[in-house]
Amino acid sequence: MNRLAALLAIMYCVAGCKFIPLYELEGNVVLNLDYQLEQQVYVREGFDPDNVASFNEKVHGKMPEEIQVLFYEAETHEIVVNQFMEATGGVLEVPNGRYDVLVYSLGTAVTHVEGSARSSVYAATDINRRYYQIGSSMDVITEPDHLYTARFEGVIVGPVVDDIHTVTYLDTTAFSIEDTWTFEMIDVEGMEYISNCEAFISTQEGREFLWGNREGNQPGSVKISIRPDFKTGRLYSIFNTFGRYMNYGQKVKAVLLVTNNGGDEFLFEFDVTDQYDDPDNVGHNIVVSEKLTIPKGQGGGGFEPVVDPWWEPEIITN
């Protein structure tokens with residue numbers, strides 16, 4: 001009678017579970033993971049992410065090859081299971097109990113995960129202090145690539161009763177922790193005089209915690225790659241970020257550090273706070289319409305866009 005009561009209690013408490021003989025499955029937890037690869041960004045005309053390798057993965061995502069799965073005991077937050085798996089999941093053997101489960105993708109190029117405790121594990125990239133001849137400095141965040149995560153809270157894994165496992169099924173979709181944005185400067189004069197161009201978006205987080213709503217609290221400026229459109233006089237980019245640094249007293253600025261063909265450095269700043277913080281800007285688009293003029297250097301010669309370009313060359317993928 002006691003055994004029957006125990007079985008009924010388990011069936012009542014465990015959602016998404018069913019009983020299965022041990023010989024039919026090598027484990028008692030089945031993880032089925034799907035991915036939201038397409039990012040929440042409206043790609044404006046002329047960006048052509050399908051044919052620009054540096055843009056393609058930011059917009060369309062990339063399926064990871066492996067994931068890391070951590071089962072934390074729900075009360076103590078102690079790691080009970082820490083396992084590598086294929087990207088879509090699989091079968092795990094987990095002791096009976098109640099767990100919080102964290103899943104994150106592996107194989108990113110620049111985004112790395114630090115820590116293992118549930119409350120302190122975070123994703124980050126490199127941050128360096130940069131100084132410029134013109135007297136300005138900033139903490140520069142390496143632009144992150146997509147890292148996908150999924151979480152489950154209070155998962156109950158049942159015990160073995162009469163050689164029968166209670167199999168727990170975990171089905172969900174993993175999302176990137178980064179935001180993807182487009183950036184344009186649509187009125188640039190003198191692009192042919194540029195010998196080097198670096199661009200930054202300020203007031204960004206340098207890291208992202210993978211559990212809970214804890215803020216990264218490591219602000220800096222994300223360095224983004226810039227491409228020229230000589231026909232229309234436009235500079236543009238698509239970039240990833242861990243998100244805005246949550247101090248709303250600080251403005252979000254688009255910053256360009258330009259070296260012209262004479263070796264002169266110029267720093268240009270544009271306030272894009274209203275666009276970045278606009279809740280209706282669901283397409284994640286930043287457009288700078290103020291005119292930017294690049295002065296010609298004394299060295300002459302001008303910049304030839306087909307020789308040793310300062311932007312990433314196009315790579316045709318189809």
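This is a predicted model: local features need pLDDT of at least 70, side-chain atom pairs count only at pLDDT 80 or more; totals for chains, interfaces and linings use all residues.
Strand β20, spanning residues 253–260, is largely enclosed by the rest of the structure, because 7 of its 8 residues are buried. An antiparallel arrangement relates β20 to strand β15 (residues 194–205), the two being joined by 7 bridges, and within this pairing Cys197 has Val258 of β20 as its bridge partner. Strand β21 (residues 265–271) likewise runs antiparallel to β20, to which 7 bridges join it; here Ala254 is partnered by Phe270 of β21. The hairpin formed by β20 and β21 has 4 residues between the strands, and Gly263 in this hairpin adopts a positive phi near 85°.

In soluble globular proteins, nonpolar side chains tend to be buried together. The largest nonpolar core of the model comprises 29 residues, of which Phe183, Met185, Ile224, Ile226, Leu235, Leu256 and Leu292 touch the most other members. At least two residues of this core are supplied by each of β13 (179–185), β15, β17 (219–224), β19 (234–241), β20, β21 and β22 (285–288), with β15 providing the largest share, 4 residues. For Leu292, when neighbours within four places in sequence are left aside, the contacts are Met185, Asp187, Val188, Glu189, Leu256, Phe268 and Phe270. Another core, of 22 residues, lies apart from the largest one and has Leu31, Phe71, Tyr148 and Val157 among its members.

Notes
Residues are numbered from 1 along each chain as its sequence is written. Side-chain values use heavy atoms; hydrogens and water are left out. Buried means under 20% relative accessible area, exposed over 50%, partly exposed in between (1.4 Å probe, protein chains only). Two strands pair if DSSP finds at least two bridges between them. A nonpolar core is a set of buried Ala, Val, Leu, Ile, Met, Phe, Trp, Tyr and Cys residues joined through side-chain atoms within 4.5 Å. Contact means heavy atoms within 4.5 Å.
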